[in-house]
Amino acid sequence: MGRRKKTVEEEICKGLRRLAFGEIKDAIYLLFANESEIAEKLPSLDLFNISEIKRPKGGGMEIKFFDRIKALEKLRDIKGESPSQPLSFYKALEEGAKSAFSGYEEND
C-alpha cells in the first residue's frame, strides 16, 4: 500500500505551520556556540525559521527570523477564513436559529 502524495497546498501549509509554530532553540544554540561546535553540529540543527544570518565585522552574529504572524495570516488565507467571518460557534448558532424558525409563520 503506497503513501498518498501530498498536494502543493498541503506542503505549503506544512511549511507555514513550521514557520508559525517552530522552535528556535537551535538558533539560540548557534548564537552562543563557538566556531568548532558550529561546524560540527550545523548539519543537525533545525534552522528552518531563520530568514537571515549575518556576522558583522565587529564580531558577534545577527539572526533574523521569518515573521510568525505573517505565516499565520497566510495559513488563514489558504484555508479560506477571513477575520471578518464570525466564529464557527456563532455561525452554527445562527444557522440553527434560522432553521428552527424557518417553518414558523405567524398567523394574523
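Visitor: Fine. What am I looking at, and how is it numbered?
Guide: This is a predicted model, in which local features need pLDDT of at least 70 and side-chain atom pairs count only at pLDDT 80 or more, while totals for chains, interfaces and linings use all residues. Residues are numbered from 1 along each chain as its sequence is written, and side-chain values use heavy atoms, with hydrogens and water left out.

Visitor: What secondary structure does the chain have?
Guide: The chain has five helices and two strands, in the order α-α-α-β-β-α-α. Helices (H or I, at least four residues) and strands (E, at least two) are DSSP runs, numbered from the N terminus.

Visitor: How much of the chain is buried?
Guide: Of its 108 residues, 17% count as buried. Buried means under 20% relative accessible area, exposed over 50%, and partly exposed in between (1.4 Å probe, protein chains only).

Visitor: Let's go to α2. Which of its residues are buried?
Guide: D26, A27 and L30 are the buried residues of α2. They line one face of the helix, because seen down the axis they fall within an arc of 100°; the arc is that of the directions from the helix axis to the C-beta atoms. On the other side of α2, K25 and F32 are exposed.

Visitor: What covers the buried residues of α2?
Guide: The cover includes α3 (35–41), β1 (50–54) and β2 (62–65).

Visitor: What is D26 in contact with, beyond its sequence neighbours?
Guide: Leaving aside residues within four places in sequence, D26 contacts S44, L45, D46 and L47. Contact means heavy atoms within 4.5 Å.

Visitor: And where does L47 lie?
Guide: L47 is in the loop between α3 and β1. Not counting residues up to four places away, L47 touches D26, A27, L30 and L42. L47 and A27 are 20 residues apart in sequence, with their C-alpha atoms 6.3 Å apart. L47 counts as partly exposed, at 24% relative accessibility.

Visitor: New topic. How many salt bridges are there in the whole structure?
Guide: The search finds five. One of the salt bridges joins D46 to R18, with the closest N and O atoms 3.0 Å apart. That pair links distant parts of the chain, with D46 in the loop between α3 and β1 and R18 in helix α1 (residues 8–21), 28 residues apart.

Visitor: What does R55 form a salt bridge with?
Guide: R55 pairs with E35, the closest N and O atoms being 2.8 Å apart. R55 is in the loop between β1 and β2 and E35 in helix α3, 20 residues apart, so this pair links distant parts of the chain. R55 is partly exposed at 48% relative accessible area, whereas E35 counts as exposed at 52%.

Note on methods:
Salt bridge = Lys/Arg side-chain N within 4 Å of Asp/Glu carboxyl O.
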